[in-house]
Amino acid sequence: MRLTLKREALPLLLLASCWAILAYYWPQLPDPIPTHWGPGGAPDQWMPRVPGALIGPLVATGLYLLMTVIPWIDPRSAHWQSIMRIYPVIKSTLLAFFVLLTHLSLSAALHPGQKISLSSLMVGMGLLFVVLGNYMPTVRSNFFVGVRTPWTLSNDEVWYRTHRLAGRLMVALGLLCFAIILLPPEWQLWVFLAAVLAFTGWSVGYSYWIFRKLVG
């Protein structure tokens with residue numbers, strides 16, 4: 001497992017884009033700025049411009065650094081070798097979502113009381129889940145990424161079957177996000193959260209069921 005500029009070029013470009021968006025909006029941002037929006041998209045929490053405006057780019061930077069070191073610090077680091085070719089795609093997909101999130105939050109912060117675009121957020125979440133769901137079955141057992149339950153971590157076959165199902169469910173969740181934008185704004189977040197909860201419960205419950213079926 002080697003870090004190369006070719007592999008890291010797109011993730012680094014997306015990370016730099018987060019900071020570039022911050023630099024673009026910075027002179028126009030009020031102080032304080034909204035940092036949280038309610039179910040209907042209206043702002044309901046505020047913070048000083050520093051650190052409020054820095055949250056998105058800082059979280060994106062932390063995510064990039066964490067995902068870069070994970071393959072080396074995971075006790076099952078040998079399992080990462082099989083996905084290192086596609087790992088930059090996974091990393092880039094997550095960072096692209098943070099580019100969108102940074103743009104949506106900072107652009108909405110320019111005007112007091114402006115709602116954030118929940119439809120744009122749902123489209124971004126949909127694309128995120130569809131891409132990650134397609135790669136989910138290729139991820140081997142590890143302690144950082146995937147459906148990590150006592151049952152998947154203790155048996156490779158349980159891990160594989162669970163992630164094969166979870167990948168399909170995640171793609172379905174992504175497609176549902178596209179449909180959610182047709183709902184009234186005040187319903188979108190609640191429907192999305194209910195879908196995520198159902199996805200999580202189904203995946204975890206299936207991992208237990210398949211473990212009991214295979215191992216007893």
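Reader: Let's start with the largest pocket: how much space lies in it?

Author: The general idea goes like this: rolling a probe the size of a water molecule over the atoms shows where empty space is left. Keep in mind that this is a predicted model. Here, the largest pocket holds about 570 Å³ of space.

Reader: How does the lining of the largest pocket divide by class?

Author: You'll find 17 nonpolar residues, 7 polar and no charged.

Reader: And what volume does the second largest pocket have?

Author: About 370 Å³. Of its 16 lining residues, Leu94, Phe144, Val145, Gly146 and Arg148 are the closest to the centre. Helix 3 gives the most to that lining, with 4 residues. By class, the lining of the second largest pocket has 14 nonpolar, 1 polar and 1 charged.

Reader: How many cavities of 30 Å³ or more are there?

Author: The count is 1. The largest cavity has a volume of about 60 Å³, and its lining includes Arg2, Glu8, Trp72 and Lys91. Helix 3 gives the most here, with 4 residues. By class, the cavity lining has 7 nonpolar, 1 polar and 4 charged residues.

Notes. Residues are numbered from 1 along each chain as its sequence is written. This is a predicted model: local features need pLDDT of at least 70, side-chain atom pairs count only at pLDDT 80 or more; totals for chains, interfaces and linings use all residues. Side-chain values use heavy atoms; hydrogens and water are left out. On a 1 Å grid over the protein atoms alone, a cavity is a set of points where a 1.4 Å probe fits but cannot get out, and a pocket is an open set with protein on both sides within 12 Å along at least five of seven lines; lining residues have an atom within 4 Å of a point. Grid points are joined across faces, edges and corners, and a volume is the space filled by probe spheres set on the points. Helices (H or I, at least four residues) and strands (E, at least two) are DSSP runs, numbered from the N terminus. Ala, Val, Leu, Ile, Met, Phe, Trp, Tyr, Cys and Pro count as nonpolar, Asp, Glu, Lys and Arg as charged, and the others, Gly among them, as polar.
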